[in-house]
Amino acid sequence: MADRVRYLELSDRLREFLGVDAELSTTVSARRRLVIVGRAVNDAESGISRLDPLFSEIRALYVEALFAAKPRSGWLRNIVGTAIQEACETHGPDSSLVDRLRSFRRRAYEAAGKPIDRKVEQAERTAARLRADATWDRRHVSAMYDLAGVYEKAGRYDEMIDAYDGLMRERARLDGGEEYIARQERLVAEHYQLHGEMARAVPLLRELYAGDDRRRRPDVSFDDLIDGTLLHVSLARCCLATGQPGEAEAILRESLPRLRRHDERLPDKQYHQLLHRCTYELGSALWKQGHAREAMGFFEDAHALVAGPKFADQKAAVVYHSAIAYGSL
């Protein structure tokens, strides 16, 4: 009951702040506003659940304030992809809030762009020359990554994404073997996720998941199990962000029991982190489908995994605790 009261008090204050900020943006300097909105984000992170639409709205406000004060900030480009993913989960991938964040993402890249036209032209020529070859090889893959990298430095966001898209469109021509191609698909999917392009990441991750029977066998080695579960959690998160919680649930329901067969590995940091993340995300998938009671059980299990002194993870504990409080309202 005390947790519920605290949650409601904090959410009421932050909702009030959302209204006050409209006035702040016209009466104080951009840097002063950034400090104030930063405090609101800190409050949200300390007590508002990522399942609560309010969290994404406060985070979006911070992105906006950071862009107004420091449009060339590297931190802005680091967090905007995460903000987009969170907003997709809470408000839907086609919401006005997500559209606004995508606009700030593009403008942030443009603002931070460097005058490197000569390097861009050179990278474009190299990629075009290799693209004309009848057979693709690893040189062409490297050239496409280089091209995406110089586009990013030049602040040309759309061209950067187009370079990754082009690499994936042509991967069937790649003469490198299935394992090498799968590595490129996973790497590009990670780039898409980093930039909040979950709709692009989903088909790649789904293809990798479907073709990865080896890591889902009962006798899978521990290292392969960890690698496979990382892929499954990434796909589940992208499904949640693209309005497909049922698919996310199915993936995580398959992965979690397989992980739990190795609970003797709890002291392994990577295993422990994957276990509590997988548990929490399964709860999220259930929550988004209206299965609140079952979801709460997974939130509580995830919190129990990080709350004890042996496996203390304060940041995750706060996230999971706020999910429990929000779910009890």
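Helices α8 (157-169) and α9 each supply at least two residues to the lining of the largest cavity. Helices here are DSSP runs of H or I with at least four residues, numbered from the N terminus. This is a predicted model: local features need pLDDT of at least 70, side-chain atom pairs count only at pLDDT 80 or more, and totals for chains, interfaces and linings use all residues. Residues are numbered from 1 along each chain as its sequence is written, and side-chain values use heavy atoms, with hydrogens and water left out.

**Cavity**

- A cavity is a set of points on a 1 Å grid over the protein atoms alone where a 1.4 Å probe fits but cannot get out; lining residues have an atom within 4 Å of a point.
- Volume is the space filled by probe spheres set on the points, with grid points joined across faces, edges and corners.
- The structure holds one cavity of 30 Å³ or more.
- The largest cavity has a volume of about 30 Å³.
- Its lining consists of Trp136, Val141, Leu167, Met168, Arg171, Leu174, Ile181 and Gln184.
- By class, the lining of the largest cavity has six nonpolar residues, one polar and one charged.
- Nonpolar covers Ala, Val, Leu, Ile, Met, Phe, Trp, Tyr, Cys and Pro; charged covers Asp, Glu, Lys and Arg; the others, Gly among them, are polar.

**Pocket**

- A pocket is an open set of grid points with protein on both sides within 12 Å along at least five of seven lines.
- The largest pocket holds about 1,100 Å³ of space.
- It is lined by 31 residues, and the closest to its centre are Thr82, Gln85, Arg237, Arg277 and Glu281.
- Helices α4 (74-91), α9 (178-194), α11 (222-241), α13 and α15 each give at least two residues to the lining of the largest pocket.
- That lining divides into nine nonpolar, nine polar and 13 charged residues.

**Aromatic pairs**

- Rings of Phe, Tyr and Trp (its six-membered ring) pair if their centres lie within 6.5 Å; planes under 30 degrees apart are stacked, over 60 edge-to-face, and the rest tilted.
- The count is nine aromatic pairs.
- Phe67 and Phe104 form a tilted pair, at 5.5 Å centre to centre and 55° between the planes.
- Phe67 lies in helix α3 (residues 53-69) and Phe104 in helix α5 (residues 96-112), so the pair ties together parts that are 37 residues apart in sequence.
- Phe67 and Phe104 are both buried, where buried means under 20% relative accessible area, exposed over 50%, and partly exposed in between (1.4 Å probe, protein chains only).
- Trp287 and Tyr326 have ring centres 5.7 Å apart and planes at 50°, so this pair is tilted.
- Trp287 sits in helix α13 (residues 269-287) and Tyr326 in helix α15 (residues 314-327), 39 residues apart.
- Trp287 is partly exposed at 22% relative accessible area, while Tyr326 is buried at 17%.
- Tyr7, Trp287 and Tyr326 make up one aromatic cluster.

**Charges over rings**

- A charge sits over a ring if NZ of Lys or CZ of Arg is within 6 Å of the ring centre and within 35 degrees of the ring normal.
- Arg138 places its charged end over the ring of Tyr180, 3.9 Å from the ring centre.
- The charged end of Arg265 lies over the ring of Phe222, 3.9 Å from the centre.

**Cysteines**

- A disulfide is a pair of cysteine sulfur atoms within 2.5 Å, and the count is zero.
- Cys88 has its nearest cysteine sulfur, that of Cys238, 9.9 Å away.
- Cys88 is buried at 3% relative accessibility.
- For Cys278, the nearest cysteine sulfur is that of Cys239, 13 Å away.
- Cys278 is buried, with a relative accessible area of 0%.
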